[in-house]
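Please look over the model shown below with its sequence.

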There are 2 protein chains.
Amino acid sequence: MALRQKIAVLIGGVGGAKLALGLANLQPNPHLTFIVNTGDDFWHLGLKICPDIDTLVYTLAGTVDPQLGWGVADDTTHVLDSLRQRYAIDTWFKLGDQDLALHLLRTNAMRGQVSLTDFTSMIARRLGIAATILPMCDAEMPTSIHTREHGELSFQDYFVRQRWQPVVEKIAYDSGQAAGLSAQVREALTCADLVMIAPSNPWLSIAPILAVPGLRELLMALPAPKVAITPVIGGDAVKGPTAKIMRELDLEVSARTVAGYYGGIIDGFVDDLRNPHFSVAGLRTTRLDTLMTDLERKVALARDTLDWVRGWSS
Amino acid sequence: MALRQKIAVLIGGVGGAKLALGLANLQPNPHLTFIVNTGDDFWHLGLKICPDIDTLVYTLAGTVDPQLGWGVADDTTHVLDSLRQRYAIDTWFKLGDQDLALHLLRTNAMRGQVSLTDFTSMIARRLGIAATILPMCDAEMPTSIHTREHGELSFQDYFVRQRWQPVVEKIAYDSGQAAGLSAQVREALTCADLVMIAPSNPWLSIAPILAVPGLRELLMALPAPKVAITPVIGGDAVKGPTAKIMRELDLEVSARTVAGYYGGIIDGFVDDLRNPHFSVAGLRTTRLDTLMTDLERKVALARDTLDWVRGWSS
């Protein structure tokens with residue numbers, strides 16, 4: 001009997017979820033654990049909202065809105081419409097009714113001292129998701145964005161309310177209050193045969209995970225191979241503010257910059273076919289089609305990445 | 001210039017709201033303050049729910065479901081459906097999406113230390129309600145129902161989940177934790193030209209109000225006339241468990257029993273035309289059509305009651 005390969009993936013929201021879906025559709029199935037950014041979690045209208053976890057949950061449950069890449073397909077917004085129309089509430093953050101059901105459940109569970117880790121596992125089981133989905137930690141570690149125009153903004157204020165238009169001067173990852181690694185994250189990383197960093201925004205999605213006290217050190221000490229996949233293709237990001245932020249932080253918009261940013265953590269880097277060649281001393285690189293436009297290409301990228309890493313030891 | 005008459009009304013949910021609508025449509029407009037039962041308020045799915053206040057709010061805002069007499073007209077239940085279908089939550093308490101918007105707002109406000117009194121006033125203003133709607137108090141005073149079959153039940157468990165079918169042995173009104181009368185309730189009663197007790201269930205809707213520490217004593221000391229309207233018509237209640245509970249508590253199902261129950265508090269009692277005559281020493285009585293089947297009859301009952309009381313001093 002072949003043992004199932006154990007893969008742990010550091011991951012953000014919409015961009016990362018594409019790779020997650022590819023991995024979840026691999027045959028034979030590896031055992032997948034997603035360690036998800038919660039730096040953009042926030043409280044809104046009294047609800048605890050975890051955008052990246054929910055995007056992954058809805059994607060793997062097959063209920064995600066296929067156009068948006070987040071939220072629930074065919075969702076309505078009757079609660080939000082009522083808040084705006086009857087009570088004059090500023091509803092800048094879209095909450096569908098079906099989506100809101102999950103926020104209600106989570107808020108109620110967390111008010112009752114259920115951890116985010118336990119709640120997320122329970123929801124994944126109820127929705128029939130085979131993969132393990134873990135928040136990066138149970139404490140709140142809100143990412144804040146220092147902007148030229150508005151000073152310090154909370155993440156969703158910057159990202160959704162201001163549509164990531166303000167110029168970023170600095171990104172701050174709160175770790176002062178964090179209790180550190182959860183037992184589940186520690187175990188998933190320690191036992192992993194392979195650690196992947198999804199093609200998520202390095203500064204907004206992956207850096208908050210690396211800021212969890214103890215996580216970076218644990219990663220660096222792991223004997224398992226660690227590979228990242230480029231979020232930069234052809235001098236831009238597929239979606240979202242990755243390239244814009246790199247420019248604002250005076251970084252060259254290139255896969256090389258990302259590879260360098262993860263330097264010391266990763267052993268391998270999956271670049272895109274379309275990007276110019278580069279090499280970094282001590283870092284294995286390969287070039288694949290990373291533009292996951294359909295399920296077939298998502299699975300292909302997952303499979304080709306795994307095949308490449310398997311070749312290392314042969 | 002004629003001064004507006006000030007009327008304070010002790011009131012429950014659906015039955016009382018009919019009278020409230022009649023009073024609100026009187027010409028000239030009296031200044032109305034509704035002092036609303038909160039003994040059936042509860043926390044559900046992490047939401048603070050105030051069924052009687054909401055029924056009154058929706059009724060006076062003109063958005064109430066005309067068939068049910070509670071909830072919002074043409075409401076959907078997408079959040080609730082999602083909780084049941086996707087997450088296997090037992091959704092025994094119906095929460096429409098538009099209704100849920102109000103619960104969300106209230107829960108968020110109260111978590112932020114806004115009092116129920118202040119929140120309710122704010123909502124009434126936003127919805128353009130001219131009347132003042134006050135919770136009977138700001139502390140939680142949950143009514144509990146001791147039943148033969150299930151022992152002690154919380155109010156909504158008895159009323160909604162068990163559809164008020166268990167046999168009632170005792171009704172308990174919590175007042176131990178209550179902070180007593182709010183300044184707003186005290187002022188509304190003290191300044192009232194007339195105090196009314198709506199034709200709500202005396203044991204489930206009015207008794208909890210009378211159990212607010214200090215309220216009964218304040219009422220008894222008021223110089224203003226105090227009148228109650230019968231909730232019993234022709235040996236039964238128009239709707240709900242009033243008659244059933246009276247039988248279970250070994251009380252005669254009659255307006256006389258209700259008048260006696262309010263004895264010492266009220267000066268006048270509005271009986272229904274259909275009921276057999278009775279008299280209680282020291283209590284003025286009149287007989288009107290109290291079966292408020294349409295708006296015209298709601299207004300007529302309100303007007304005739306006021307006219308009757310005005311005649312006392314002539």
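A residue is called buried if 20 or more other C-beta atoms, placed from the backbone, lie within 10 Å of its own, exposed if 12 or fewer do, and partly exposed in between. This is a predicted model, in which local features need pLDDT of at least 70 and side-chain atom pairs count only at pLDDT 80 or more, while totals for chains, interfaces and linings use all residues. Residues are numbered from 1 along each chain as its sequence is written, and chains are lettered from A and ligands numbered from 1 in the order in which they are written.

Helices here are DSSP runs (H or I, at least four residues), numbered from the N terminus. In helix H8(A), the buried residues are A:Pro202, A:Trp203, A:Leu204, A:Ser205, A:Ile206, A:Pro208 and A:Ile209. Because seven of the nine residues of H8(A) (residues 202-210) are buried, this helix is largely enclosed by the rest of the structure.

Two packed helices are described by the angle between their axes and the distance between the axes. Axes are lines fitted to C-alpha atoms, for helices over the stretch in contact, and angles run from 0 to 180 degrees between N-to-C directions. Residues are in contact if their C-beta atoms, placed from the backbone, lie within 7 Å.

| Helix pair | Angle between axes | Axis distance |
|---|---|---|
| H1(A) (residues 14-24) and H2(A) (residues 51-61) | about 35° | 9 Å |
| H4(A) (residues 97-111) and H5(A) (residues 116-126) | roughly 140° | within 10 Å |

The contact of H1(A) with H2(A) is made by A:Val14, A:Ala17, A:Ala20, A:Leu21 and A:Ala24 on H1(A), and by A:Thr55, A:Leu56, A:Thr59 and A:Leu60 on H2(A). In the other pair, A:Leu102, A:Arg106, A:Ala109 and A:Met110 of H4(A) meet A:Leu116, A:Phe119 and A:Ile123 of H5(A).

Between the chains, 21 residues of chain A are in contact with 21 residues of chain B. The elements giving two or more residues to the side of chain A that touches chain B are helix H3 (78-87) and H4 of chain A, and H4(A) gives the most, with nine residues.

Chain A is superposed on chain B by a rotation of 180° with 0.0 Å of shift along its axis (RMSD 0.0 Å), where copies are superposed by least squares on the C-alpha atoms of residues with pLDDT of at least 70 in both. That is the relation of a two-fold axis. The same surface serves both copies, since 100% of the contact residues of chain A recur in chain B.

Note on methods
Two residues are in contact if their C-beta atoms, placed from the backbone, lie within 7 Å.
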